[in-house]
Amino acid sequence: MTPITLLTVPTAGPADVSALTALTAAGQRATDVVGVVGKTEGNGCVNDFSRTLAAAAWEPLLPEAAVTVFSGGTEGVLSPHVTLFVRDETRHPGFDRGLVAAAGRTRTLDPAEIGRPAQVAAVTDTVGKLVSELGVAAADVHFVLVKCPLLTSAKIAALRAAGLEPVCDDTYESMGRSRAASALGIAVALGECDTATAAAALSGTAEVSSARASASAGAELDDCHVLVVAESAAAANPLRALHGEMADALDLAAVTALLDEVARRGGTVRQILAKAEADPSGTVRGHRHTMLTDSDINATRHARAAVGGLLAALKGDGAIYVSGGAEHQGPPGGGSITVVYELPEVRG
């Protein structure tokens, strides 16, 4: 069980680690970091080296158990930043629960396993272990973030040279296949579906929607980095979380319902973490969209910009985590959303 605090800091570039200075100023150390979750200003696609640069800059400075999750793409008003999930054992008077987090990694995935049941199983196993480590029930979990690998051209060629077929032959498509497998692994671990249903969903014959899953794919890793965030009665801090689903990219009502509940509880929003995707039907509320047919800009970039603008307007700034591609992370065309908020300190 690791009680946490949150620190969100703007970045001047992918290699900017100055958030550690802010961490020190707050009386904490790099060794307290459980996970670094960031948005970088690349294209968020297969060749987004801003993610690789950010991971290379941060990982040598963190404890071995910590994970990094960098999502490329700060289109529109989204702003490059990092959010540090930091161990904080301080027990705050007047609080009988609080936010906790645990981080871990799956085993290294063979390229032939990416987007397939083996990846689902690996993520399920790691998420299950982390939930157990936190000592919470699945119902207490509000957010599970996974950074997963993708297939590069070299990996696809190597598989075929070995007489094996990759899950797909398009590197960009492999990002979605990997995100889908990771999200389904989360859903199984949290009891949102069983293994058979996850397998059917992976093959496209069943639909699974998790309001707590968030998966992002990148070429900068060969395993899956996993961060689980939950509420626990064993902690005593002012941080809390709420989760839900946006039905589509225009679902203002779903977001305001969460924010209204935060306000009703007297809380202040600390961070919003959301998934976004172009509706696979080609329409949003009966109107045709062109995100999937734009040959100049990938659909994930359109979706991040659209949802990012909506959420930033509500939060009041663009330092929010919006990740494109929401396969099984919320309903088709929508996305999962988690709001982390802080309650006022209790004065004696």
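Strand β7 is mostly covered, with six of its six residues buried. Buried means under 20% relative accessible area, exposed means over 50%, and partly exposed lies in between (1.4 Å probe, protein chains only). The model is predicted: local features need pLDDT of at least 70, side-chain atom pairs count only at pLDDT 80 or more, and totals for chains, interfaces and linings use all residues. Residues are numbered from 1 along each chain as its sequence is written, and side-chain values use heavy atoms, with hydrogens and water left out. Helices (H or I, at least four residues) and strands (E, at least two) are DSSP runs, numbered from the N terminus.

Both faces of β7 are covered. Ala213, Ala215 and Ala217 are buried on one side. Ser214, Ser216 and Gly218 are buried on the other.

Now place β7 in its sheet. Four strands form an open sheet in the order β5-β8-β6-β7, and the pairing is mixed. Where does that leave β5 and β7? Strands β5 (98-105) and β7 (213-218) stand at the edges, each with a single partner strand, so one side of each has no neighbour in the sheet. The twist averages 15° from one strand to the next. Axes here are lines fitted to C-alpha atoms, for helices over the stretch in contact, and angles run from 0 to 180 degrees between N-to-C directions.

Strands of a sheet pair through backbone hydrogen bonds, either parallel or antiparallel. Two strands count as paired if DSSP finds at least two bridges between them. Strands β6 and β7 run parallel and are joined by six bridges. Within that pair, lysine 147 has serine 216 in β7 as its bridge partner.

Next come the helix partners of α5. Two packed helices are described by the angle between their axes and the distance between the axes. Helix α3 (residues 117-134) packs against α5 at an angle of about 45°, with the axes 7 Å apart. That makes α3 oblique to α5. Angles under 35 degrees count as roughly parallel, over 145 as roughly antiparallel, 65 to 115 as roughly perpendicular, and the rest as oblique. The crossing of α3 and α5 is right-handed, meaning that the near helix is turned clockwise from the far one by less than a right angle. Contact means heavy atoms within 4.5 Å. On the α3 side, the contact residues include Val120, Val123 and Val127. On the α5 side, they include Leu184, Ile186 and Val188. By class, this contact has eight nonpolar, six polar and no charged residues. Ala, Val, Leu, Ile, Met, Phe, Trp, Tyr, Cys and Pro count as nonpolar, Asp, Glu, Lys and Arg as charged, and the others, Gly among them, as polar.

Helix α5 (residues 171-189) also meets helix α6 (residues 195-203). Their axes come within 10 Å and cross at roughly 160°. That makes α5 roughly antiparallel to α6. This crossing is right-handed as well. Ala180, Ala181, Leu184 and Val188 in α5 meet Thr195, Ala198, Ala201 and Leu202 in α6. The contact has seven nonpolar, one polar and no charged residues.

A further open sheet has four strands in the order β9-β14-β10-β13, again with mixed pairing. Its edges are β9 (239-246) and β13 (321-324), each with a single partner strand, so one side of each is left without a neighbour in the sheet. Neighbouring strands are turned by 10° against each other on average, direction ignored. Strand β10 (residues 268-276) pairs with strand β14 (residues 335-342) in the antiparallel sense over six bridges. Glutamine 271 has valine 340 in β14 as its bridge partner. Helix α7 (residues 252-264) lies across β9, β10 and β14, at about 160° to β9. Helix α8 (residues 299-315) lies across β9, β10, β13 and β14, at about 160° to β10.

Two single residues close the tour. Valine 77 sits in the loop between β3 (67-72) and β4 (81-87). Is valine 77 buried or exposed? Valine 77 counts as exposed, at 54% relative accessibility. Leaving aside neighbours within four places in sequence, valine 77 is in contact with Gly308, Gly309, Ala312 and Gly318. Threonine 2 lies in the segment before β1 (4-10). Threonine 2 is buried, with a relative accessible area of 8%. Beyond its neighbours within four places in sequence, threonine 2 is in contact with Val34, Arg87, Leu99, Val100, Ala101 and Leu134.
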